[in-house]
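Here is a short report on one protein model. Keep the 3D view open and look up each residue as it comes.

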Amino acid sequence: MSAVPAVRVALLGAGTVGAAVARRLTDRADLLEQRVGAPLELTGIAVRDVSRPRDLAGVPQGLLTDDPESLVDQADVVVEVMGGIQPARGLIERALAAGADVVTANKQLLAQHGVELQDLADRAGRSLEYEAAVVAAVPVMRTVNQALAGDKILSISGIVNGSTNYILDMVARLGVPFQEAVQQAGDLGYLEADPAEDLDGLDAAAKIVLLARVAWGEDVGLEDVQREGITGLTDADFENARGTGQVIKLIASAWCSGPPSARRVEVAVRPTPVAADHPFGLTREGTNMVIIEAESAGSLRLSGAGAGGDETASAVLGDVVNVARSRVAARD
Ligand SMILES: NC(=O)c1ccc[n+]([C@@H]2O[C@H](COP(=O)([O-])OP(=O)(O)OC[C@H]3O[C@@H](n4cnc5c(N)ncnc54)[C@H](OP(=O)(O)O)[C@@H]3O)[C@@H](O)[C@H]2O)c1
């Protein structure tokens, strides 16, 4: 047993991401304690149905609860991986007001209410971290927010939705008819419960909004996104692209326009033909890739898994370790 008091971690959700976070908090306990300088104590896991069987090998079953409020009230760090707007929003507000730091993977909540939540966190002097909300395991948020904090970001563009990239890749590389590829992605469980999230570009829009806010400090919202999904594409569009050595990708992008005195941040998500040998053209299946252009750093490319339980848990735990470290450093 460590003599150092633990940092209490409350987990909201034990689905694809939450279960992976719980397992890693348990099986990496020693490593995480070493990194934080104190043990991370998983105090409970809020779910809707405590009796549902779930993949929580090594995690004590007694940690499951259907009372998220009580859990939040006794936590130092709250990890929100339940998704949706409510009750997630209310629980995050409650956590920040009670002095906890918050880590979330909830891109839609952040895209819609992130400005208010960040404001609340700032006023409470607490952290609101969300690396996992944008391209899961790939540290894009941290690159824009921290690594490039001393640089001037010119543009960000990327393939940030794995499901649509899988569909477009099947069509371009294997010649699968478009509608069949959509069906296949659904059958494989690659599409969100509401497929419009992926196919209409809503998921990609949320991610590019979060990146644009951090890159330029502007209050960009979902309503600002010039958005076109992939549902309007036809086999003829793919044929035309193929004929010119191109492939169609769903590209999310953000850039600044206008003179410095009237600068505007523009955000867009749209199917875009790119050269088959461009880094985006070579991005296969569910892989994501983001290219950041910065004045001094030049062109940076980050790619990897943009979804998956363990992959997303990697980003969540990175944030947990960072906020827990700060709490331990702030102790007397
Ligand atoms: N899956 C990914 O690859 C991925 C990648 C990046 C970001 N994300 C984000 O991570 C979050 C979680 O995604 P997921 O795929 O893990 O979702 P999920 O599999 O649907 O899991 C959601 C979990 O939250 C619990 N939950 C939902 N509503 C609740 C409520 N009202 N009260 C208590 N518990 C509640 C569910 O409980 P039950 O189990 O009892 O139903 C479930 O355990 C989302 O915001 C998603 O956008 C996911």
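This is a predicted model. Start at the ligand. The shell around it holds 22 residues, and Ala14, Val17, Asp49, Arg54 and Gly308 come nearest. By type, the shell residues divide into 10 nonpolar, 7 polar and 5 charged.

| Residue | Part of the residue | Distance to a ligand oxygen atom |
|---|---|---|
| Alanine 14 | polar backbone atom | 2.8 Å |
| Arginine 52 | polar side-chain atom | 3.0 Å |
| Arginine 54 | N or O atom in the side chain | 2.7 Å |

How much of the ligand does the protein bury? Taken alone, the ligand exposes 900 Å². The protein buries 79% of that area.

Now move to the second largest pocket. Its volume is about 470 Å³. The lining has 20 residues, and the closest to the pocket centre are Gln118, Tyr130, Met141, Asn145 and Val214. Several elements give two or more residues each to this lining: helix 5 (107-124), strand 6 (128-129), helix 6 (140-147), helix 10 (202-216) and helix 12 (309-329). The lining residues divide into 7 nonpolar, 6 polar and 7 charged.

Finally, turn to the backbone. Most residues other than glycine have a negative phi, and most peptide bonds are trans. Two places in this model depart from that pattern. A cis peptide bond joins glutamine 86 and proline 87, with omega about 10 degrees. Find proline 87 in the loop between strand 4 (77-80) and helix 4 (88-97). The other place is valine 135. This residue is not a glycine, yet its phi is positive, near 60 degrees. Valine 135 sits in the loop between strand 6 and helix 6.

Note on methods: Residues numbered from 1 in each chain as written. Predicted model: local features only at pLDDT ≥ 70, side-chain atom pairs only at ≥ 80, totals over all residues. Heavy atoms only, no water. Near = heavy atom within 4 Å. Polar contact = N/O pair within 3.5 Å; in protein donor to acceptor, adjacent residues only side chain to side chain. Areas by Shrake-Rupley, 256 points an atom, 1.4 Å probe, with all protein chains shown as cover. Nonpolar A, V, L, I, M, F, W, Y, C, P; charged D, E, K, R; others polar. 1 Å grid on protein atoms, 1.4 Å probe; cavity = no way out; pocket = protein on both sides within 12 Å on 5 of 7 lines; lining within 4 Å. Points joined across faces, edges and corners; volume = space filled by probe spheres on them. Helix = DSSP H or I, 4+ residues; strand = E, 2+ residues; numbered from the N terminus.
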